[in-house]
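Visitor: I have a model open and would like to go through some of its features with you. Shall we begin with the side chains and then turn to the strands?

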Amino acid sequence: MPVARPESSDSRVIAHIDLDCFYVQVEQRKQPQLRGLPTAVVQYNEWKGGALIAVSYEARKFGVKRSMRGEEAKEVCPQIQLVQVPVAHCKADLSTYRNAGSEVVSVLSRKGRCERASIDEVYLDLTHVAETMLLETPPESLEEIDEEALKSHILGLRIEEGTDAIENVREWMCRSNAQHKDKLLACGILIVAELRRQVLKETEFTCSAGIAHNKMLAKLASGMNKPAQQTVVPFSSVKGLLGSLPIRKMKQLGGKLGVALQVDLGVNNVGDLLQFPEAKLQEHYGVNTGTWLWNIARGIDGEEVEGRLLPKSHGSGKSFPGPRALKTISSVQYWLNQLCEELNERLCSDLDQNKRIAHTLTLHVRAYKSSDTDSQKKFPSKSCPLRYGTAKIQEDAFNLFQAGFREYIGFYGVKTQGIQCNGWGITALSISASKIVPLPSGTCSIMKYFHGPSTSNSSKQLVDNSILEVSPLSPSGGERCSEVNSCEPKIEFLGEEERWNKDPLPVLGQEEEERSILKGQDPSCSSSKAQDGVIQETSLVIPTGVARFLEQNQSTQPRELAWNDSQVKSEHKEHKRKMKDKGTPSILKFFKSCNPSGPSESQEQVQTLQENGTTSSDSTSYPSGQRREAWSYRIDEIDPAVIDELPPEIQDELRAWMQPHKQPNVVNRGSIARYFSPIRKT
Ligand code: TTP
């Protein structure tokens, strides 16, 4: 939580844009005949008509709510149109919605600093744009004010009886004696109205907006008047707004901290916090949280709008409520495999499209034990370095599961596939990839991907050695990762997860979880330091992902490079032949030939390299024929023409890498050798 008290945050102009009944709008755009009709999007599971995950405003008028199932909705609104969420991997596939959200972001990001906060939410810092407008074309100088802007709701603005609300807004916006910060908000009103119009024009989606001096207030405001409207919070109305705002409605106070405030201090509304000195709040909740509470009671929030258009992590999750709880290890593995497949697809497309790689794999599980003496015991979340490729992710995820399961159940006989349930059940699984960074340039990047461990045994060892307990997060989901870890994890088990920011969803019951998409925090952030440490010690393996990336959007599917010796040899021959024939071989082939072998050999090779400070692409340097295949990437097999096809940073890297090869078997210890994974004797 923010510790410092922001000094000048009340002159910023921040907007929070939230798309209206988003999934419904996406479906209505696909099927325009649904427009204007009461419509809802339902979950994949069709039991009782499926759980509603998005409800159109037309349907809401009939009393249809997200908490209902399809059948219930039909009772209150017989004409409701139910559209099933798209499905892939036996679960909801939200890629259509994600892509639709990206369309909106690309429009909104044209103005100010833009932070994509969830699948359908964006923050904008419009301060500079508003300042410029105030200097060049202030609202009072305009002959005509945009009609959409005039329809804004300005909190605290008293509409005199018998007067036109629009005229009142116009007057407020054009006051020449207004405070500077209100004038900036007036500019914000114009800018946001124009952006919303543009979103509608280019994407056909309506959205609502909150405009205020900080993120917290803007977010509160955006939901106040929906759909397709905007609400403004002048500083003078903050006290009134927060005075009557139930504490649990406040971002980050929906969970345990909110309950604690009610129980400990009798705080029911945010405004009730005003009576407590900062020291008292700190005494109860710690220095940082105490200061944060003191600040929010006054509408102070210094959190910056991050310039971020892409998610901070990717996740895939599924819940198995009630009788659908998983009761065998093999069923858990089956579902983990499904989730990992989806996760890998998203990682590959992130790599392809955004040139980003993820470093940490985290597994969250929700489980029960029927004979639980310690019913509070949670299934521990675990994480480890992320290795690319579906099979590797699946393997690592299963290892994480086993590690957590051993702790949870308290015995070690859990590796038998298909083990029968002995009074336990898994009610939710969620796998996520975090610590996503741009694909690094420089020598270390590409080497790591070629030579990391890749067979079952060593990868198992890798994972076993580097599995980390994921520190719990705050229940409300918003505290700074490194600061608060004393509360239980807030894990959302949802049809799909995509983590954009730290905003929590409302606390959901198990039934509700199934309906949800995740808009919450990064599950791995609280143990980031420890994870970083591990990641640096272990190498990442991205053969398929990088191959895809290097193929520059060719349609070749990622695949594992688990080849046997004869395959490898014939592939080498074929590869060489094609190089001769065509001059420019497929980059994927190039990758196939570079890491065809198992990791134990790779490790031996790495070891040799590190011990001797030398490397060789010559098979004679291996004591046995078997080792010929060990990371048998051969620099002399690279067709220089291939290099021109690669992204510039990797071109540079490869050229630098090929340079020392002119002096065979000599590697500068200070350069390439240090990028190999640490020696791990098998
Ligand atoms: P929301 O923005 O919470 O809701 P909404 O856009 O449907 O409606 P509103 O106009 O009130 O903002 O969620 C965005 C999308 O996320 C929603 O259309 C469907 C999905 N979602 C779930 O799948 N499960 C959930 O529990 C929630 C809250 C949202």
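Visitor: Which ring does the charged end of Arg298 sit over?
Guide: This is a predicted model. In it, the charged end of Arg298 is placed over the ring of Trp294, 3.7 Å from the ring's centre.

Visitor: And what about Arg60, whose face does that one lie over?
Guide: Arg60 lies over the face of Tyr57, and the distance to the ring centre is 3.9 Å.

Visitor: Moving on to ring pairs, how many aromatic pairs are there?
Guide: The count comes to eleven aromatic pairs. One of them joins Phe320 and Trp335; this pair is tilted, with 5.4 Å centre to centre and 55° between the planes.

Visitor: Why does that pair tie together separate parts?
Guide: Phe320 belongs to the loop between β12 (313–319) and α14 (329–354), whereas Trp335 is in helix α14, so the pair connects parts that are 15 residues apart in sequence.

Visitor: Buried or exposed, those two?
Guide: Phe320 and Trp335 are both buried.

Visitor: What about Phe379 and Phe401, how are they arranged?
Guide: Phe379 and Phe401 form a stacked pair, 5.4 Å centre to centre with 20° between the planes. Phe379 lies in the loop between β13 (356–369) and β14 (382–385), and Phe401 lies in helix α15 (residues 390–409), so the pair links distant parts of the chain, 22 residues apart.

Visitor: What is the relative accessible area of each?
Guide: Phe379 has a relative accessible area of 5%, which means it counts as buried, the cut-off being under 20%. Phe401 is buried too, with a value of 0%.

Visitor: Which residues make up the cluster of linked rings?
Guide: Ring pairs connect Phe379, Phe398, Phe401, Phe405, Tyr408 and Trp424 into a cluster.

Visitor: How far is Ser383 from Phe401?
Guide: Their C-alpha atoms are 9.7 Å apart in space, and the two residues are 18 apart in sequence. Ser383 is in strand β14, and Ser383 is buried, with a relative accessible area of 0%.

Visitor: Now the largest nonpolar core. Which residues touch the most other members?
Guide: That core has 53 residues, and those touching the most other members are Ile17, Phe22, Tyr23, Tyr97, Leu124 and Met173. Its largest share, eleven residues, comes from helix α8 (residues 180–203).

Visitor: Which way does β1 run against it?
Guide: Strand β1 (residues 14–19) and β10 run antiparallel and are joined by six bridges. Ile14 stands opposite Ala212 there.

Visitor: And how many bridges join β10 to β11?
Guide: Three bridges join β10 to strand β11 (residues 230–232), and these strands run parallel. Thr231 in β11 is the bridge partner of Gly210.

Visitor: What unit do they make with helix α9?
Guide: Together, β10, helix α9 (residues 215–222) and β11 make a β-α-β unit that is left-handed.

Notes:
Residues are numbered from 1 along each chain as its sequence is written. This is a predicted model: local features need pLDDT of at least 70, side-chain atom pairs count only at pLDDT 80 or more; totals for chains, interfaces and linings use all residues. Side-chain values use heavy atoms; hydrogens and water are left out. Two strands pair if DSSP finds at least two bridges between them. Helices (H or I, at least four residues) and strands (E, at least two) are DSSP runs, numbered from the N terminus. A crossover is right-handed if, with the strands pointing away from the viewer, the path from the first strand over the helix to the second runs clockwise. A nonpolar core is a set of buried Ala, Val, Leu, Ile, Met, Phe, Trp, Tyr and Cys residues joined through side-chain atoms within 4.5 Å. Buried means under 20% relative accessible area, exposed over 50%, partly exposed in between (1.4 Å probe, protein chains only). Rings of Phe, Tyr and Trp (its six-membered ring) pair if their centres lie within 6.5 Å; planes under 30 degrees apart count as stacked, over 60 as edge-to-face and the rest as tilted. A charge sits over a ring if NZ of Lys or CZ of Arg is within 6 Å of the ring centre and within 35 degrees of the ring normal.
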